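Here is a short report on one protein chain. It follows the strands, a helix, the cores, a pocket and a few single residues.

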Amino acid sequence: MSVERVQQFLAEHAPETTVTVLEKSTATVAEAAEAFEVESGQIAKTLSFRVNDDVVLLVMAGTARIDNKKYKQLFGVKARMLPFEEVEALTGYPPGGVCPFAPAETVKIFCDHSLTRYEEVLPAGGSVNSGVRIAPDKLATITGARWIDVTC
């Protein structure tokens, strides 16, 4: 169901881009990099946070880490990821399949500059065994994401 929602979103906003569903798990950066035969940094991990009353998705390179000082300076709060059991209800996607394509309506999307090191990145496609090959700029454009710098 989640993959179909991503496919519909891509058909409307980037028809040349598709979701690839694999037999292997892509739920972690290491699994996705192996399954898609790319560098770990090319996996665009999508982390979900609570920022006051908002739910925020932060898409960053698979090898990047949150810089807590930069995060707090930008968002005004300490980085606090959503609890595992709340992720699907608040983002519209299961843990391991969270992606920036057509999330729940109230979710805000941010892309970290760590993605720009690559010509192509692979965020999840709505499930724990899917991915979408896309250029970072295209990803930000079609999802309405704001570019930020919160990684080290």
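Glu 37 lies in the loop between helix 2 and strand 2. The model is a predicted one. Most residues other than glycine have a negative phi. Is Glu 37 buried or exposed? Glu 37 is exposed, with a relative accessible area of 72%.

Asn 52 also has a positive phi of about 55°, and it is not a glycine either. Asn 52 lies in the loop between strand 2 and strand 3. At 56% relative accessibility, Asn 52 counts as exposed, because the cut-off for exposed is over 50%.

## Helix 2

Which residues of helix 2 are buried? In this helix, residues 29-36, they are Val 29, Ala 32, Ala 33, Ala 35 and Phe 36. These residues cover an arc of only 165° around the axis, so they sit on the same side of helix 2. An α-helix has 3.6 residues a turn, so residues three or four places apart point the same way. Ala 30 and Glu 34 are exposed on the other side of helix 2. The buried residues pack against strand 1 (19-21), strand 2 and strand 5 (130-132).

## Strands

Strand 2 spans residues 44-51, and six of its eight residues are buried. Strand 2 pairs with strand 3 (residues 54-61) in the antiparallel sense, over eight bridges. Lys 45 stands opposite Met 60 in strand 3. The two strands form a hairpin with two residues between them, and Asn 52 is in the turn.

Strand 3 also runs parallel to strand 4, joined to it by four bridges. Here Leu 57 stands opposite Ile 109 in strand 4. Strand 4 in turn pairs with strand 6 (residues 146-148), again in the parallel sense, over three bridges. Cys 111 stands opposite Trp 147 in strand 6. Is strand 4 enclosed by the rest of the structure or open? Four of its five residues are buried, so strand 4 is largely enclosed by the rest of the structure.

## Cores

The largest nonpolar core has 43 residues. Val 6, Leu 10, Phe 75, Phe 101 and Leu 139 touch the most other members. Helix 1 (2-13), strand 2, strand 3, helix 3 (68-75), strand 4 (108-112) and helix 5 (136-143) each supply at least two residues of this core. Strand 3 gives the most, with seven residues. Another core, of seven residues, lies apart from the largest one. Among its members are Val 29, Ala 32, Ile 43 and Leu 122.

What does Phe 101 contact beyond its neighbours within four places in sequence? Its partners are Val 6, Phe 9, Leu 10, Tyr 93, Pro 123, Ala 124, Val 132, Ile 134, Leu 139, Ile 142 and Thr 143.

The largest pocket has a volume of about 360 Å³. It is lined by 25 residues, and the closest to its centre are Ala 27, Lys 45, Thr 46, Gly 96 and Val 98. Helix 2, strand 2, helix 4 (84-91) and strand 5 each give two or more residues to the lining. Strand 2 gives the most, with five residues.

## Thr 17 and Val 19

Thr 17 has its place in the loop between helix 1 and strand 1. Leaving aside neighbours within four places in sequence, Thr 17 is in contact with Leu 10, Val 132, Arg 133 and Ile 134.

Val 19 is found in strand 1. With neighbours within four places in sequence left aside, Val 19 is in contact with Val 3, Val 6, Gln 7, Leu 10, Gly 125, Ser 130, Gly 131 and Val 132. Val 19 and Pro 123 are 104 residues apart in sequence, yet 9.8 Å apart in space, C-alpha to C-alpha.

The table lists relative accessible areas for residues discussed here.

| Residue | Relative accessible area | State |
|---|---|---|
| Thr 17 | 9% | buried |
| Val 19 | 11% | buried |
| Glu 37 | 72% | exposed |
| Asn 52 | 56% | exposed |

Note on methods: Residues numbered from 1 in each chain as written. Predicted model: local features only at pLDDT ≥ 70, side-chain atom pairs only at ≥ 80, totals over all residues. Heavy atoms only, no water. Buried < 20%, exposed > 50% of the residue type's maximum accessible area, 1.4 Å probe, protein only. Pairing = 2+ DSSP bridges. Arc of directions from axis to C-beta. Contact = heavy atoms within 4.5 Å. Core = buried A, V, L, I, M, F, W, Y, C linked by side-chain atoms within 4.5 Å. 1 Å grid on protein atoms, 1.4 Å probe; cavity = no way out; pocket = protein on both sides within 12 Å on 5 of 7 lines; lining within 4 Å. Points joined across faces, edges and corners; volume = space filled by probe spheres on them.
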